[in-house]
Amino acid sequence: MSWIDIGTLNDIPLRGSRIVKTEAGCIALFRTAETEVFATSNTCAHKKGPLSEGIVHDRKVTCPLHNWVFSLETGEAQGADKGRIATYPVKVQDGRLLLDLDAVLAKVA
Amino acid sequence: MQKMVIIGAGMASGRMLEHIHESDPDAFDVTIFNAEPRGNYNRIMLSPVLAGDRSFEEIVTHDDNWYADNNITTRFGERVTGVDRERKVVIGEKGEVPYDKLILATGSSPFIIPIPGHDLPGVVGYRDLEDTDAMIDASAIRGSSAVVIGGGLLGLEAAAGLRMRGMEVTVLHIAGHLMDRQLDETAGYLLKLDLEKRGIKVITEANTKEIIGNGKVEKVLLDDGTELAADIVVMAAGIRPAVQVGRDAGLDVGRAIKVNAQMCTSDPDIFAVGECVEFNENIFGLVAPLYDQAKVLANTLLGKEDVFTVRELSTKLKVTGCDLFSAGDFAEGEGREDIVFRDPKRRVYKRLIIENDRLIGAVMYGDTADSNWFFGLIKDGTDIEEMRETLIFGPSFQGGGAAASDPLAAVAALPLEAEICGCNGVCKGDIIKAIEGGVTTLDDVRTKTKASASCGTCTGLVEQVLAVSLGDDFEIKAEKPVCKCTDLTHEDVRRLIKAQELKTQPAVWQELAWKTPNGCHVCRPAINFYLLSDWPLDYQDDLQSRFVNERNHANIQKDGTYSVMPRMWGGMTTPDELIAVANAAKKFDAAVKVTGGQRIDLLGIKKEDLPEIWSDLNNAGMVSGHGYTKGLRTVKTCVGTDWCRFGTQDSTGLGIKLEKKLWGSWTPHKVKLGVSGCPRNCAEATCKDVGIICVDSGYQISVAGAAGMDVKMTESLVDVATEAEVEEWVTAFVQLYRENAKYLDRAYKWVAKVGLDWVKEELSDPDTRKALVERFDISQSVYQKDPWADHVSNRAEQYKHLADLTLEAVT
Ligand code: SRM
Ligand SMILES: Cc1cc2nc3c(=O)[nH]c(=O)nc-3n(C[C@H](O)[C@H](O)[C@H](O)COP(=O)(O)OP(=O)(O)OC[C@H]3O[C@@H](n4cnc5c(N)ncnc54)[C@H](O)[C@@H]3O)c2cc1C
Ligand code: SF4
Ligand code: FES
C-alpha cells in the first residue's frame, strides 16, 4: 500500500465529488456522509459518462448522462443494469484524504 | 515492596487501583499525584452536577478515607513537572518521589480554539469541577447568556445544563448537523428540534471569528457578522491527550503516548492508561475502553497475562428528553446496506447498517429501548440473515409477526391544525370532524368542507385522512409516489411541506417517513425545488441535490464537455457582445451555434475552463442564459414597433422587461416566453408557456402552450391594456406555477391538472395577484443573481481536479 495525501475532507462538498488525475485515468472521490469518502473510477460503465457529476445518494451515485446507478462500495451497477466500475481504497485521517495509489496503478497494469 | 507512582488521579487510574487492591493490596507502595486538588471522581457525572441534578459529593468515587484505608500516599493539587528516567524519580511541584513502576494517567485537556479573545476571563473548557463551578457561577446572574462552541457530546451536555440553570444558551457547531461524528443528518435534525424545544438556540455551519470583551467575555462574533451576547463561553470543540510529561521524558509519542497491548510505553518500567494513550493508531475519549485498559494494566503489573483489544463503542447523550444512540461503524468498507425506519408521529428514527449479513452500525433517535440488543448484535457479529426483514423492529419481533412500514404514517402524524387544502384553508381537524359527522367518501368531504374542491392537488392527502380515520372501509386510488423513497405523491409532499413548515431536507425525510437515509436522484432535486420555492429566505439551496447542468451552470455534452450560452435579452445583442462571444469562442476553441431561442451557444468547453470563459463573458457585461435550468429560459421577441410596419406595440422592449423581471427564478420545469408585435406572431408566442400578442388595444396574454414532445396552442388568460399589467399578470402566473406544480410538469401539464378556470379565478383577484408578485419578488431577492459570477468568485476551486497524481510513481 502507498497512501498518498490528496487533500482535505472539506475539499469535497457533502454528497458531492471531486476528481484526481492519475496514470490510470480520472478517479472520482465521493463524500457520502460527514466523514465518509469513497473512491471509484470516474468513467461510467455504460457510455463513459463522468460519474463525479452525478447525484450522490446513500452510498450510491447516479450517472448524469443516462441515470445508471452504481454502488460506491462494490462498484456494481444497481437494478436491471449490468456493469461495474473500479473501486479504490481511500481513507480519512485527521481530516486528510489518503488514496492508495498502488491499488490504483495495479488496476492499469 | 515495589514503589509505584501514578501521575493523574482520574477515572482510568482509579479503576486500575481498585483492581490491584482487590487482588493484592500489598503488592505496591503507591504514591499518586493529581493536578486537580482532589482525588478520583466520576467525571462523566459532572453533567448532572452542572444541571443541578446531583451534588459533587455524590459523584466522588474515592474519598480521603478510601485512599487512607488503602495506604495510598496522595499528592493532590500538585502537578508533576518532569520525570528523570535515569534516576527513576518523579518530580512534583513540591519535591521528588522515586519509583520502580511509573504510571502515566494524565487524561486529556479541552482543545481551546486559538481565535482572538480565547484567553479572556470567562472562556472555559469543560473538563473538571473548576470548569463546572465557573459555569454554575455565571448562571447565577439573572438573564445571563452562554455561548457553547461545539455541538458534540460535551458541548450539548454543557448547553443543556446551563439552560436548566436558566441561562440563554446558544450552541455553535461547525458542521451541518449536531454530533456529526456520531449521528447522521436525520438524527441530528431530531436532536436539534428537541434542544430547541427546551429553549436552546442552535446554529450549525457556524464559524466563530472572535470572542470580544473588555477584561472579560462580552460577546462572540461569527464569520457572517452575527453577534451573540455572552457572559460565559464554553469551548467544547474537542480534547487533546495530555502528553507533555511523557514527551518531555522522551517516551515514544504519536498523537498520544504509545503503548503496547500490555499498556507498556517505550520504557519497560513506565506504563500509561486512559485518554493519554495511543494504541494501534487509536486514541480514546469514552470510559468503556479505559476500563478495559485499567484491568489489563492491573493484571500486567501483578504479573498476570492479559491483552488489551479495541472494542466497538456506543454513544448516548446524558440530556433528559434527547434519547439517542449510536454505535459501530459508518465509514469505510464494501458491500453495505441500510435499513431505515421512521415514525414521524413519535419522532422516531432508526437506521441499521449491514455488511455481509452482520450488523456493523446503528443510529437511533427517539426510541432507544432496543439499543443494547442491537449493540450486542454488533459486538458479537451475529449473523442476522434470518431476521433481516424484521430486524429493525427489535427483539420482540423476532420469531414471528412481520411488520411493515406504514404508508399512512406521515398523514397520521399530522396535527389537527395542519392545513390540508391550501385553496380553501381546510385543516386536517375539519376533515376529521366531517368524517365523525358521517362522511365516508371523497365527494362528501368536498361538499362538506370544500377540501380538494378547487385545484384538487390535495386530493391524495384528503384520501389519506379518510383512510387513517375509516381504516379498511376506505380504499385509496393508487397514485404514483415520487419515487421508491416514499409512498407520497409530489402533490402530497408539496402540501405537507407547507402545512408542517418543513424547511430542510432532513426534516422532509423524517417527518414524511422517507424510506432511505437521504433520498435518491429522483426525489432530491424535487424536494430541493419545493423547499427553495416555498421558503426562499430560510432554505439553503443544495447544489448536491441538483442535476449536473444546474450544479455546474452549463449543459453537459455526451463527451463530458459543456456548452456555454449567455443571455441575449429578448434576442437583442450588440457588436461589443458579439466580439466578446467571438473572442471567447476562439480562445476556448468552441463550436458556435445560433439556437432556436434567439441566442448563441458555445459548445465543447472543458469543465476546468468554465470559470475562465464565464469571467471573460461577465467582463463584457453578459450573464448566464440559464440554458440548462428548470427556470426562465428565453423570452423570444420580434422586432415590433421599432422597425416592423405591422408592429402595434414595443414587443422587443416588453420582452426584455419580462426577461429582466423573471430571469434567475427557479421553476418546476423550464419556462419560455414569446412576445409578438402583432397577430402574425413572428415570435411564435402562441406555443410558449406564456405568450403575449400585441394588438392595437393592448396585450393578449395566453398561457400553457407547448412545442416540444407535445404541440399545443396557448389558451387565453386575459387581455390587458398596459405593459405594467402584463408584467403583473405574467409574474403572478409564474409564481402560481412555482408554488403549486409538480416538479417536472411543464406549465401546460399543470394547467391541465388544476384547470384553467381555477388559474383564472385565482389570478383575477387583485389581492391574490399582488400577493403572488410580492412572494415572487422576495424569492428573486435571493435567487436573481448571475450564477456565473457567483461561481467564479466563490466556487472556482470546485471546477478543478483535487490532485494530479500522473507523475507519482509506483512504490
Ligand atoms: C440549444 C437548443 C437547440 C438549438 O441548437 O437551437 C436546445 C438544446 C437542448 N434542448 Fe431544447 N434546445 C433549444 C430549443 C428548444 C425549443 C425551441 C424554443 O425554445 O423556441 C424547444 C421546443 C419548445 C419547448 O421548450 O417545448 C425545445 C424543446 C426541448 C425539450 C422538450 C420539452 C417538452 O416539454 O416537451 C427538451 C427535453 C426536456 O427539457 O426535458 C429539450 C432539451 C434540450 C437539451 C437541454 C437536452 C439535454 O438535456 O441535454 C438540449 C441541450 C443541448 C446541449 O447539449 O446544449 N428541449 N428546445 C435550443 C436552445 C434554446 C435557447 O436559446 O435556450
Ligand atoms: C463533562 C463530561 C462528561 C462525560 N461524559 C461521558 C460519558 O457520558 N460517557 C463516557 O464514556 N465518557 C464521558 N466523558 C469522558 C470521560 O470522563 C473520560 O474519558 C475519562 O474521565 C478519562 O479518564 P482518564 O483517567 O484518562 O483521565 P481523567 O479522568 O481526565 O484524569 C486525568 C487526571 O490527571 C490529572 N493530570 C493531568 N496532568 C497531570 C500532571 N502533569 N500532574 C498531575 N496530574 C495531572 C488531571 O488533573 C486529571 O485529574 C465525559 C467527560 C466529561 C468532561
Ligand atoms: S432536438 Fe433533440 S437532439 Fe436536437 S438539441 Fe433538442 S434535444 Fe438535442
Ligand atoms: S454513460 Fe452513464 S448512464 Fe449512460
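Reader: Into which domains is chain B divided, and which one is made of two segments, 2–108 + 241–301?

Author: In this predicted model, the divisions of chain B include domain 2 (112–237), domain 3 (323–396), domain 4 (407–478), domain 5 (490–546) and domain 6 (632–785). The segments 2–108 + 241–301 belong to domain 1.

Reader: What distance separates the centres of domain 3 and domain 4 of chain B?

Author: Domain 3 covers 323–396 and domain 4 covers 407–478. Taken over C-alpha atoms, their centres are separated by 35 Å.

Reader: Which side chain has an N or O atom 2.7 Å from an oxygen atom of ligand 1?

Author: A polar side-chain atom of B:Arg599 lies 2.8 Å from a ligand 1 oxygen. For B:Lys670, the distance from a side-chain N or O atom to an oxygen of ligand 1 is 2.8 Å. The value of 2.7 Å belongs to B:Lys672.

Reader: Why does the radius of gyration of chain A agree with that of a compact globule?

Author: Chain A has 10 strands and 1 helix, in the sequence order β-β-β-β-β-β-β-β-β-β-α. Its C-alpha trace spans about 40 × 35 × 20 Å along the principal axes, and 59% of its 109 residues are buried. A compact globule of 109 residues would have a radius near 13 Å, so chain A agrees with its radius of gyration of 13 Å.

Conventions: Residues numbered from 1 in each chain as written. Chains lettered and ligands numbered in written order. Predicted model: local features only at pLDDT ≥ 70, side-chain atom pairs only at ≥ 80, totals over all residues. Heavy atoms only, no water. Polar contact = N/O pair within 3.5 Å; in protein donor to acceptor, adjacent residues only side chain to side chain. Domains from an automatic or database assignment. Helix = DSSP H or I, 4+ residues; strand = E, 2+ residues; numbered from the N terminus. Rg over C-alpha atoms; globule rule 2.2 N^0.38 Å. Buried < 20%, exposed > 50% of the residue type's maximum accessible area, 1.4 Å probe, protein only.
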